[in-house]
Amino acid sequence: MMSNQYYIKGLEGVSIETITECFNKAFSDYSVPIQSTARELQERLTGNGYAPQWSTGVFEEDRLLAFVLHGIKDIGGSFKLYNAGTGAVPTARGQSLTLKQYEYLLPKARQAGCTGVELEVIIDNEPAIHSYKKVGFHISNTLASFKAGTENLAISTPHEILEVEAINWQQVQGFWDWKPSWQHSRNALMANWKLHKSVQVMQAGEVLGYAIFNPESGRMAQFAVSQAHRNRGIGKALFAYAQKACRKTLTVVNVDSRALHTLAFLEKIGFEPLLQQYEMQLTL
């Protein structure tokens, strides 16, 4: 049990090693256990726009017991926050620490021009969903995640696949059927661009499709094919290229549940369901 001598404060000046130690304890018994090195967590937080001044921790003396980690995104004079991780060590649970941290943070965020907070939570994590609803979050969408099957994909396109240093974002956004979630947005990817590979399928100088992935983690961050060139093996070729380049099993995380074309494509090339998450929003 925790004592009553705990306090809440922002995470400015708190080391990534301290946060990682608490993070790993908090998620050691999670439905999908997560363990991270300090470097891995730092990279993840950097991609999410980590803002320690808008993140909070619950401390007992100098020991971090619980946290809410936020990223920030500027929106023309105002800003939004993204909950990049909430957790508590097992001995500190059941004390409404998520609610108490948001009660500490939200008045300051609102006064500073924050317009809202968003997050994702695994749909069977009922305690977390209950906590977020007490804060004022509501479910806005369902997101699906997948992992590659055991069979290797074969590249089956006559088109050229090129690794590129930069993406024409305005162009590729025209290929989208759905908008990537916060952690795979343009800003998030550009913050950790060196960790990713970007590839394009070309024909006569025209971009027909593209993919951006992390070869170390196996995470496919973005992918899309021009609507005029679908059902020609281009998407499969992009995934085959990524599968060959990745050190771990290829995964696709946070696909919009309304993106029926994408869901059918992933099933067709042998991807298997991994988990589902709710996207939740809090408007300030």
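## Basis of the values

The model is predicted, and local features need pLDDT of at least 70, side-chain atom pairs count only at pLDDT 80 or more, while totals for chains, interfaces and linings use all residues. Residues are numbered from 1 along each chain as its sequence is written, and side-chain values use heavy atoms, with hydrogens and water left out.

Helices (H or I, at least four residues) and strands (E, at least two) are DSSP runs, numbered from the N terminus. A residue is called buried under 20% relative accessible area, exposed over 50%, and partly exposed in between, with a 1.4 Å probe and protein chains only. In helix α4, which spans residues 126-135, the buried residues are Ala128, Ile129, Tyr132 and Val135. Seen down the axis of α4, these buried residues fall within an arc of 115 degrees, so they line one face of the helix; the arc is that of the directions from the helix axis to the C-beta atoms. An α-helix has 3.6 residues a turn, so residues three or four places apart point the same way. Glu126 and Pro127, on the other side of α4, are exposed.

After α4 comes glycine 136, with a positive phi near 125 degrees. In α1, the buried residues are Ile16, Ile19, Thr20, Cys22, Phe23, Asn24 and Ala26, and the buried residues of this helix pack against α2, β3 and β4.

## Aromatic pairs and charges over rings

A pair of aromatic rings is described by the distance of the centres and the angle of the planes. Rings of Phe, Tyr and Trp (its six-membered ring) pair if their centres lie within 6.5 Å, and planes under 30 degrees apart count as stacked, over 60 as edge-to-face and the rest as tilted. By this criterion the structure holds 14 aromatic pairs. One of them joins phenylalanine 27 and phenylalanine 67, whose ring centres are 6.4 Å apart and whose planes stand at 50 degrees, so the pair is tilted. Because phenylalanine 27 lies in the loop between α1 (16-26) and α2 (38-47) and phenylalanine 67 in strand β3 (residues 63-75), the pair ties together parts that are 40 residues apart in sequence. Phenylalanine 27 and phenylalanine 67 are both buried. Phenylalanine 223 and phenylalanine 265 also form a tilted pair, with 6.4 Å centre to centre and 35 degrees between the planes. This pair links distant parts of the chain, since phenylalanine 223 is in strand β10 (residues 219-225) and phenylalanine 265 in helix α8 (residues 260-268), 42 residues apart. Phenylalanine 223 counts as buried at 14% relative accessibility, and phenylalanine 265 is buried at 18%.

Trp178, Phe223, Phe239, Phe265 and Phe271 form one aromatic cluster. Lysine 9 lies over the face of phenylalanine 59, at 5.0 Å from the ring centre, and lysine 73 lies over the face of tryptophan 182, at 4.5 Å from the ring centre.

## Asparagine 254

Asparagine 254 is found in strand β11 (residues 251-256) and is buried, with a relative accessible area of 1%. Not counting residues up to four places away in sequence, asparagine 254 touches Glu120, Leu143, Ala144, Ser145, Trp178, Ser181, Gln183 and Gln277.

## Loop residues and cysteines

Glutamate 61 is not a glycine, yet has a positive phi of about 55 degrees; glutamate 61 sits in the loop between β2 (56-60) and β3 and is exposed, with a relative accessible area of 65%. Alanine 204, likewise not a glycine, has a positive phi of about 50 degrees. Alanine 204 lies in the loop between β8 (197-203) and β9 (206-214) and is exposed at 85% relative accessible area.

The structure holds 0 disulfides, a disulfide being a pair of cysteine sulfur atoms within 2.5 Å. Cysteine 114 is buried, with a relative accessible area of 4%, and cysteine 246 counts as buried at 10%.

Note on methods:
A charge sits over a ring if NZ of Lys or CZ of Arg is within 6 Å of the ring centre and within 35 degrees of the ring normal. Contact means heavy atoms within 4.5 Å.
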